[in-house]
Amino acid sequence: LRACEGREPRPRGARGGACPRAVPGYRCRGPAAVAAAMVKETIRVYARVKPLGRRQQAGSYSVDDEEPLPSLEITVPRDLADGFINNKRESYKFKFQKIFGQEAKQDVIFDSIAKPVAECVLAGYNGTIFAYGQTGSGKTFTITGGAERYSDRGIIPRTLSYIFDQLQKDSSKVYTTHVSYLEIYNECGYDLLDPRHEASKMEDLPKVTIMEDSDQNIHLKNLSLQQATNEEEALNLLFLGDTNRMIAETPMNQASSRSHCIFTIHISSKEPGSATIRHSKLHLVDLAGSERVAKTGIGGHLLTEAKYINLSLHYLEQVIIALAEKNRSHIPYRNSMMTSVLRDSLGGNCMTTMIATLAMDKRSIDESISTCRFAQRVALIKNEAVLNEEIDPTLMIVQLQKEIQDLKYELALVTGKQRTSELSQEELLQLDELIETFLEDSDPDSSLDVGADMRKIKYCFAHMKQIINCPMTPGKQLLSQDTSEEQNSNKEAGEELEKLKGLLQQRDNEINILVTMLKKEKKKARDALSQLNATSAGSTVLEQSPSMSLEERQSPSRCSSLKEAKDLSSSIPRLPFLSRETGGKMSLGCQEAFEVFKRDHADSITIEDNKQLLKQR
């Protein structure tokens, strides 16, 4: 699913694909295999034979790799002692996906068994790898590894190294990795990554309890999830858990695991900008070994541990047998804690692989046959692995908040409650975009959805009315509007210029006329002033005569000339007198303007009449 962009488990009898990067046991299918939402397959079963010790005698067995599936044949010679007839079966033949001999290295085990499952987990499927066998057959060495050499690393450290290496190479997604380590000891669960584990007794630690939801999903209370951002942190957590694990020396094994341990890697992946998150988990299970108390001869505390171990393995076998039967309605998962935790791995949403560890010495041959029989039952179980995708919870919260707001708007619309607040600028821009998209859409069935807010509905109607009254697209309308405004402004500027030119010419003409008039009036004023001075001198002489009537009688011509002078003085404007009254500061042009003002005034006739009346008096 990673190296060659998609692999599918190869059915029995099929040959491998031509892809040079294909993992053994898988054939390349391209990207289509990655997109498959469900993978149905039986549990894949492998066998690994433990090398013999120095003092152990080899049992009789043979491996046949030429058949479509490799087979392991174990021969048990009959016991003919005491002359009794023995019809016991001598030969037992079992088939596996692959059989690894005594010389198989740890890296070969990982590449053939664990690597395909790890690739499926990176693609979003759940995976489980568990080792089953009698005590001392190499389960812990296969799953965890040995401590003497670096090359003896087991499946768990190699899987961690491979997963983090692939996550570092893939930059198209954002990955989050967590680790948990559960120990089931005497049917009680404990968190091996609890920091109080080393400082306290196991009985004093909080126990991990199983809780089940309405969808029958298992949740483990008091089991911590430790985030691991790189391989080093994950390995440190693994070593911490292995340090806290319960082991003891037994006649069969110097460091026998007295508990079942489940190391789980949780991976979450999300593409940037995507709303879906993929969750997957990989269970790496190291089961405690089954043992026959009659052979080992243990007692006391070790005997109690052996009872619980054999009981839990018995319940595991019951679940396996129930799953293999077609018409079985009830599967006894709840009988033990281990089967409850591994519910998905056994007949559920998981891609499961089993490793049967076999000790082929004469003393353990019966237990090896029992392990092979168990493996054959496991191989009949079918799992349905589903791609684990879900909506991002943060995006779901935003979506639900928007839905609540829409329902509030709809409720306000139904109840008639009016909203008084104005729409924000952002909402107005969004409505404009919706209206523009709606108008440009040629689909007659398209709709304009603005929710149940009456403010938005009214705004949309007003905006649509404005667009209908000006039937242009917004871009063209703005362009034509700008062009027309520019033309109108140019035209108005030209008209204003012509008007100003005409007004300037008119003012020039008026100034010329006024200048000519001023010159004429100035000349008239000078003439009138000289005549007035002469007349005033004559009148002074006349005033000095004692009797007017006598002179008038004596010289009528002189009297007439005096009357004419008076009339002339009354008709001539009194500009010099005005000039004297104002202190001589008023110019000749101002005087002219003042006389024009008096002549054009509405009461000028009345003033003239009063002046004539005063003159007569």
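Student: In which strand is the place of serine 280?

Tutor: This is a predicted model, where local features need pLDDT of at least 70, side-chain atom pairs count only at pLDDT 80 or more, and totals for chains, interfaces and linings use all residues. Residues are numbered from 1 along each chain as its sequence is written, and side-chain values use heavy atoms, with hydrogens and water left out. Strands here are DSSP runs (E, at least two residues; helices are H or I, at least four), numbered from the N terminus. The place of serine 280 is in residues 276-286, strand 18.

Student: Is serine 280 buried or exposed?

Tutor: Buried means under 20% relative accessible area, exposed over 50%, and partly exposed in between (1.4 Å probe, protein chains only). Serine 280 has a relative accessible area of 6%, so it counts as buried.

Student: Which backbone oxygen does the side chain of serine 280 reach?

Tutor: A polar contact is a pair of N or O atoms within 3.5 Å; within protein, one must be able to donate a hydrogen and the other to accept it, and residues adjacent in sequence count only if both atoms are side-chain atoms. At 2.8 Å, the side chain of serine 280 reaches the backbone oxygen of valine 121.

Student: At what angle do helix 4 and helix 5 pack?

Tutor: Axes are lines fitted to C-alpha atoms, for helices over the stretch in contact, and angles run from 0 to 180 degrees between N-to-C directions. Helix 4 (residues 155-169) and helix 5 (residues 231-244) have axes 9 Å apart, and their packing angle is about 160 degrees.
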